Number of protein chains: 2
Amino acid sequence: MKKPAPKKAFRLTPQREAILRFLEGNTSHPSAEDIYARLRRKFPGMSFATVYNTLQSLLGRGDLIEVRIDRGRARFDPGLKPHHHLLCVRCGAITDLPERAPVRPAGLPRGYRLLSSNIEFYGICPACGKKEGRREELSCAKKRKK
Amino acid sequence: MKKPAPKKAFRLTPQREAILRFLEGNTSHPSAEDIYARLRRKFPGMSFATVYNTLQSLLGRGDLIEVRIDRGRARFDPGLKPHHHLLCVRCGAITDLPERAPVRPAGLPRGYRLLSSNIEFYGICPACGKKEGRREELSCAKKRKK
DNA sequence: ATAATATTTAGAATGATTCCAATGTAATAA
DNA sequence: TTATTACATTGGAATCATTCTAAATATTAT
């Protein structure tokens, strides 16, 4: 019934290995550009496309999670155990938060198949809270690193 | 201590009024383009920039919530009461889900000021589940309307 | 070695969003 | 009323992340 699964190979090239190593245990939630900037030290001729290609492969293999909490750019997270994310709307730092319990939605429509979920928290980290006064403005997160 | 707040006016122009009316009670979570496409019926000469400008203003006033669950494009939601979102990764439909209870993160770091939170659920809606067989692939959501 | 398959690369293309400079318009001051 | 100011609108250019493409390489199977 199902096709025999085209099973395409995944070759662990030097570039990919370096990306994997950089990501392994990394809790900084780097963006594609972060990864590229770091990797080009070792592979000066590396293409941005390679980073994206590799990230796509890793996502497909489930080795990686794409975190979309930061507006505009995707961030990547080695997919260990399920957890949530906390974004500082000032400096953009992302902190992992433990998952209290598997999240189940109330009022899931009949027949809807649930695949995954995640909780995003927004706030101001201690460092940023100290720097600025004590203002509000929850609206935008325009500032971005660089 | 605080500056007297520059207080800038918000003028309810015909365009803005139309946008507001379109959004009012709208649970379809339209994108900027959806709004533009709809509004140009009434205002053929309307600029895309006006839509974005208005959305920004409304966001700043808290009249609107920006939903980022759909990769690539922002979706907008008149900010009624807090609720969660459920995205069909096939057709892109977004369903509102009631908030069971105010969400509090476990393990919030000391000194971190929490501003807001939201839960995103991903799944396959009944209609899409019926169409296709019963495959898995949770990875990507490439298909987009249009 | 040869063919088949997968990967890398540079750069072009895409698409959403933002920016900008010129113009229009409403509200207010003189 | 007229001038002044502040806010809006518009079209198009600019930006930025991401995807795509075509050509060059590398790897694996035959």
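Modeller: This is a predicted model. In it, a rotation of 180° with 0.0 Å of shift along its axis superposes chain B on chain A, at an RMSD of 0.1 Å.

Biologist: Why are the two copies said to be related as by a two-fold rotation axis?

Modeller: The rotation is 180° and the shift along the axis is 0.0 Å; the two copies are thus related as by a two-fold rotation axis. In chain B, the C-alpha nearest that axis belongs to B:Ile119, at 2.2 Å.

Biologist: How do you know that the same surface serves both copies?

Modeller: Of the contact residues of chain B, 98% recur in chain A.

Biologist: Now DNA strand D. What makes a residue count as near the strand?

Modeller: One of its heavy atoms must lie within 4 Å of the strand. By that cut-off, 22 residues surround DNA strand D, and the closest are A:Tyr52, A:Arg73, B:Thr13, B:Arg16 and B:Thr50. Of the atoms of DNA strand D that come within 4 Å of the protein, sugar and phosphate account for 78%.

Biologist: What makes the approach of B:Arg11 to a phosphate oxygen of DNA strand D a polar contact?

Modeller: The cut-off for a pair of N or O atoms is 3.5 Å. A backbone N or O atom of B:Arg11 lies 3.0 Å from a phosphate oxygen of DNA strand D, so the pair qualifies. For A:Gly72, a backbone N or O atom lies 3.4 Å from a sugar or linking oxygen of DNA strand D.

Biologist: Which elements give two or more residues to the surface near DNA strand D?

Modeller: They are α2 (32-39) and α3 (48-61) of chain A, together with α1 (14-23) and α3 (48-61) of chain B. α3(B) gives the most, with three residues. By class, this surface near DNA strand D has eight nonpolar, seven polar and seven charged residues.

Biologist: How is the packing of two helices described?

Modeller: By the angle between their axes and the distance between the axes. For α1(A), residues 14-23, and α2(A), the axes come within 11 Å and cross at roughly 115°. The crossing is right-handed.

Biologist: Which residues of α1(A) meet α2(A)?

Modeller: A:Gln15, A:Ala18, A:Ile19, A:Phe22 and A:Leu23 do, and they meet A:Ile35, A:Arg38 and A:Leu39 in α2(A). This contact has six nonpolar, one polar and one charged residues.

Notes: Residues numbered from 1 in each chain as written. Chains lettered and ligands numbered in written order. Predicted model: local features only at pLDDT ≥ 70, side-chain atom pairs only at ≥ 80, totals over all residues. Heavy atoms only, no water. Polar contact = N/O pair within 3.5 Å; in protein donor to acceptor, adjacent residues only side chain to side chain. Helix = DSSP H or I, 4+ residues; strand = E, 2+ residues; numbered from the N terminus. Nonpolar A, V, L, I, M, F, W, Y, C, P; charged D, E, K, R; others polar. Axes fitted to C-alpha atoms, helices over the stretch in contact; angles between N-to-C directions. Left-handed = near helix turned anticlockwise from the far one by under 90°. Contact = heavy atoms within 4.5 Å. Least-squares fit on C-alpha atoms with pLDDT ≥ 70 in both.
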